[in-house]
Amino acid sequence: FTTEVDDSFKAEIPAGALYESTEIESRKADIVIKADSSIVVLSDAYTIGNKSIPLHKSMDIKIKRFVEDKALESHTTLAMVSDKGTLSYAGGKYHEGVVSLSTRSFGTYCIVADTTAPTITPQFTNGADCSSKRSISFRLKDNFAGVASYTATIDGKWVAIDFSRGTASINLTDEGITGGIKHEIKFTATDSCGNSKTWRGTILR
């Protein structure tokens with residue numbers, strides 16, 4: 001089953017995706033999108049089905065919109081629009097004028113670009129004496145898409161990271177960080193829209 005709106009929106013729902021037979025419509029949404037300055041809204045919003053209806057299989061959504069600013073292409077994705085017009089990350093990638101997403105959620109969608117990198121806040125002072133500390137940690141936050149990956153090195157060597165509830169921890173004891181000397185730390189976080197941030201600093205241990 002395929003449903004379209006003009007030449008801009010298309011949704012393909014596979015056979016057996018619905019738990020019971022029901023009429024599914026798509027339309028341009030009459031809603032005011034509320035986005036802060038960190039998000040660039042690139043298309044109108046389109047509604048497919050009713051968000052209260054569950055899907056047994058994923059459907060494919062495509063919204064056409066040529067992104068004129070090349071710098072935005074790799075950061076372009078789909079957002080779900082709430083009834084109040086607020087946005088949340090949905091996913092999907094831009095390719096040759098189309099953003100595509102496979103999803104099991106009916107609702108309202110639009111194209112956005114997120115170019116804001118995650119924030120990395122060390123839970124220790126740069127240059128601190130961590131001789132008595134077993135571990136160090138960083139608080140990670142992202143404005144929209146969410147942190148997708150993170151990596152760290154100490155003195156150029158990769159170290160393991162324990163991530164839980166927005167906090168990334170490095171066990172200094174397990175990593176053998178000793179010697180009573182200054183150690184160089186590099187921590188990088190990347191969100192789901194490809195925005196990266198790197199923190200560099202030192203500790204004494």
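In strand 15, W158 is the bridge partner of T153, strands being DSSP runs (E, at least two residues) numbered from the N terminus. The structure is a predicted model, in which local features need pLDDT of at least 70 and side-chain atom pairs count only at pLDDT 80 or more, while totals for chains, interfaces and linings use all residues. Residues are numbered from 1 along each chain as its sequence is written, and side-chain values use heavy atoms, with hydrogens and water left out.

Strand 15 and strand 14 (residues 147–154) are joined in the antiparallel sense by two bridges; two strands are taken to pair if DSSP finds at least two bridges between them. Both belong to an open sheet of four strands in the order 15-14-18-19, with antiparallel pairing. Strand 15 (157–158) and strand 19 (196–204) are its edge strands, each pairing on one side only.

Elsewhere, strand 6 pairs with two strands described here. Strand 2 runs antiparallel to strand 6 and is joined to it by four bridges, with I61 of strand 6 as the bridge partner of A11. Strand 6 and strand 10 are likewise antiparallel, with seven bridges, and M59 has T103 in strand 10 as its bridge partner.

Beyond its neighbours within four places in sequence, F9 is in contact (heavy atoms within 4.5 Å) with T3, E4, S26, Y46, I48, I61, K62 and I63.

Seven aromatic pairs are present, defined by ring centres of Phe, Tyr and Trp (its six-membered ring) within 6.5 Å; planes under 30 degrees apart count as stacked, over 60 as edge-to-face and the rest as tilted. F124 and F138 form an edge-to-face pair, 5.4 Å centre to centre with 80° between the planes. F124 and F138 are both buried. F138 also forms an edge-to-face pair with W199, at 5.4 Å centre to centre and 65° between the planes. This second pair links strand 13, which holds F138, to strand 19, which holds W199, 61 residues apart. Ring pairs link F124, F138, F187 and W199 into a cluster.

Conventions
Buried < 20%, exposed > 50% of the residue type's maximum accessible area, 1.4 Å probe, protein only.
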